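Please look through the structure shown below, one chain at a time and then at the place where the chains meet. The paragraphs that follow begin with charged pairs and go on to sheets, helices, the interface and some backbone details.

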Amino acid sequence: MDDNSVDLGLAARGGTGPILSPRLELQLKCTSRDVVEENFLRYPLKLKNYNDSRISTLVPRILVVVLVPDNLADWLHQREEELCLRCCGYWVSLREMSETQNSSTVTVELPRLNRFTVEALQSILQRISFGGFP
Amino acid sequence: MITVPGNEILSTIEPDVLEAYLRKKGWHERGRLYDNAGAIWRRRDESSNEDLEILLPLKKSLGDYAIRIGDALKTLEVVEKRSQLDILSDLLTNVTNVEIQAIVTDIQVSNSSGTVTLIGIVMGNFRKINIELDEPEYTLAIKAYQERLSVVCSGDLIKEGSYFVLKNLHNFVLVGTHYDLATNVTRSTQC
């Protein structure tokens, strides 16, 4: 088993651009809310994960950080009408980020505008389908 | 049993070798990606009438080169209904630093050196492998041939035509029997 920091690979059908099945690879991290600032999340990413995510690849890679409540009891609420899952993901592409002198972690900024929603994922895959980047 | 090739082997496959293979199998290039870092290849699947797609990496410096070659093999495995190792053996032009267990099937008689033919398993199938041997390996090969012993040898495997040649040999021993050249004594190994 090869650990290249990719936790999930997505291949979508029905790409409308030159790539029929646009692919995206995700590195997934989960953390509680204490990394949130006004406009960014600042996430300390392990050096190996940082380097694996910024290298030049044919299938684009993004980092997704999912925020969860500090209190375990607040993660999930289930009632008759609804199932409420308390988390919001944010994404960023580390492509072409520079090499670092750090030895253990790199603090990565994820814009709070980059919420990882269904719509966001769809438009990322569309851009990839047209030969672009996330 | 290994059924899926590892990244080390996948990264030895040259892009133009896979390109030639795809062309031969009826695939067509439909476009390039990211400044010629990759290419989109398509083929129509007769049974489903859908277009199949392979993203071919063109630069070996890509961080995911081996993985993308692996993806291509996975697609080909489904389309051609044969194992990835089978397909790989058609693509493979050389494998460095490989260890093979084989039997000696032919020796070209010479004074103290010559070409020895082995049959061993390469990429999941029996293959003919030729090796140029000098002493003392040549004598070992003769012994293996006469006594029907198998050998283990290590080197770089290079495809030439329909068979392989083992070069840069750095190991050649008989299996099951430890033959000490210095003392001319045969001892059986405990397996």
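A salt bridge is taken here to be a side-chain nitrogen of Lys or Arg within 4 Å of a carboxyl oxygen of Asp or Glu. By that rule, a search of the whole structure, over all chains, finds 21 salt bridges. One of them joins the side chains of K60(B) and E14(B), with 2.8 Å from N to O. K60(B) is in the loop between β3 and α3 of chain B and E14(B) in the loop between α1 (7–10) and α2 (15–24) of chain B, so this pair ties together parts that are 46 residues apart in sequence. The model is a predicted one, in which local features need pLDDT of at least 70 and side-chain atom pairs count only at pLDDT 80 or more, while totals for chains, interfaces and linings use all residues; side-chain values use heavy atoms, with hydrogens and water left out. Residues are numbered from 1 along each chain as its sequence is written, and chains are lettered from A and ligands numbered from 1 in the order in which they are written.

Chain A has two helices and eight strands, where helices (H or I, at least four residues) and strands (E, at least two) are DSSP runs numbered from the N terminus. Read from the N terminus, its elements follow the order β-β-β-α-β-β-β-β-β-α, and its C-alpha atoms fill a box of roughly 45 × 40 × 35 Å along the principal axes. Four strands of chain A make an open sheet with mixed pairing, in the order β1-β2-β4-β7; two strands are said to pair if DSSP finds at least two bridges between them. The edges of this sheet are β1 (8–11) and β7 (88–92) of chain A, each of which pairs on one side only, and the twist from one strand to the next averages 30°. Axes are lines fitted to C-alpha atoms, for helices over the stretch in contact, and angles run from 0 to 180 degrees between N-to-C directions. β1(A) pairs with β2 (residues 23–32) of chain A in the antiparallel sense over four bridges, and L8(A) has L26(A) in β2(A) as its bridge partner. Helix α2 (residues 118–129) of chain A packs on the sheet, where it touches β1, β2, β4 (61–68) and β7 of chain A, and its direction makes about 150° with that of β2(A); contact means heavy atoms within 4.5 Å.

In chain B, three strands form an open sheet in the order β1-β2-β3, with antiparallel pairing. Its edge strands are β1 (28–33) and β3 of chain B, each pairing on one side only, and the twist averages 25° from one strand to the next. β2(B) and β3(B) run antiparallel and are joined by eight bridges, and W41(B) has I54(B) in β3(B) as its bridge partner. α2(B) packs on this sheet, touching β1, β2 and β3 of chain B, with a direction at about 165° to that of β3(B), whereas α3(B) lies across β2 and β3 of chain B and runs at about 155° to β3(B).

Further along chain B, strands β5 (residues 114–122) and β6 (residues 125–133) pair in the antiparallel sense over nine bridges, with T117(B) opposite N130(B) in β6(B). β6(B) also runs parallel to strand β8 (residues 163–174) of chain B, to which three bridges join it; here the bridge partner of N130(B) is V165(B) in β8(B).

Where do the two chains meet? At the interface, 19 residues of chain B are in contact with 20 residues of chain A. The two chains bury about 1,500 Å² between them, 59% of it on carbon and sulfur atoms, buried area being the accessible area (1.4 Å probe) that two parts lose on being put together, summed over both. Two salt bridges are counted between chain B and chain A, and R68(B) forms a salt bridge with E25(A) in which the closest N and O atoms are 2.8 Å apart. On the side of chain B that touches chain A, β2 (38–45), β3 (50–57) and α3 (65–80) of chain B each supply at least two residues, and β3(B) gives the largest share, six residues.

Two backbone details of chain B complete the tour. Most residues other than glycine have a negative phi, and most peptide bonds are trans. D35(B), in the loop between β1 and β2 of chain B, has a positive phi of about 60° although it is not a glycine. E135(B) and P136(B) are joined by a cis peptide bond with omega about 0°, and P136(B) is placed in the loop between β6 and α5 (137–147) of chain B.
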